[in-house]
Amino acid sequence: MKCIVLKFYGLGLEHYAQASINIYDSCGRLIYSGDTYNGSISLFLDEDNCYKLEANSLGRYISVWFYVGKNDYCYKFNFDSTYNQNNIAFLLTDYYYGLPIQRGNLILWQR
């Protein structure tokens with residue numbers, strides 16, 4: 001058994017709008033049922049096993065299998081459809097004044 005952390009993106013803060021979670025082992029037996037706090041939960045699971053995660057929050061639903069390996073300690077799941085792990089952040093400064101640009105749109109296209 002080892003302690004792992006399940007993190008969920010797209011949830012509320014503290015106890016508001018959190019996910020209800022059920023975790024099943026590979027035989028389909030319910031081994032954990034509970035709620036997240038601040039979008040994460042810590043629990044102990046066996047290494048080298050597959051588990052099925054079912055989570056729901058405010059009408060959104062996730063059902064996914066995950067594998068607990070020897071070197072894995074944190075697993076991330078997404079409730080927010082606008083969240084994209086391929087986003088790139090730029091730090092831009094104004095050419096003339098040298099001040100940081102707080103916000104704006106950068107449109108890239110192929111020449």
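Leaving aside residues up to four places away in sequence, Asp 25 touches Ile 31, Cys 50, Tyr 51 and Trp 65; a contact here means heavy atoms within 4.5 Å. This is a predicted model, in which local features need pLDDT of at least 70 and side-chain atom pairs count only at pLDDT 80 or more, while totals for chains, interfaces and linings use all residues. Residues are numbered from 1 along each chain as its sequence is written, and side-chain values use heavy atoms, with hydrogens and water left out.

Strands are DSSP runs of E with at least two residues, helices are runs of H or I with at least four, and both are numbered from the N terminus. With a relative accessible area of 12%, Asp 25 is buried (under 20%; exposed is over 50% and partly exposed is in between, with a 1.4 Å probe and protein chains only). Cys 50, one of the residues touched by Asp 25, is partly exposed at 37%. Cys 74 is also partly exposed, at 35%. As for disulfides, meaning pairs of cysteine sulfur atoms within 2.5 Å, the structure holds zero.

Stepping back to the whole chain, there are seven strands and zero helices, so the pattern along the sequence reads β-β-β-β-β-β-β. Of the 111 residues, 27% are buried. Taking contacts between residues at least 6 apart in sequence, 52% join residues at least 24 apart. The chain exposes about 8700 Å², and 51% of that comes from carbon and sulfur atoms; such areas come from the Shrake-Rupley method with a 1.4 Å probe, and for residues only the protein chains shown count as cover.
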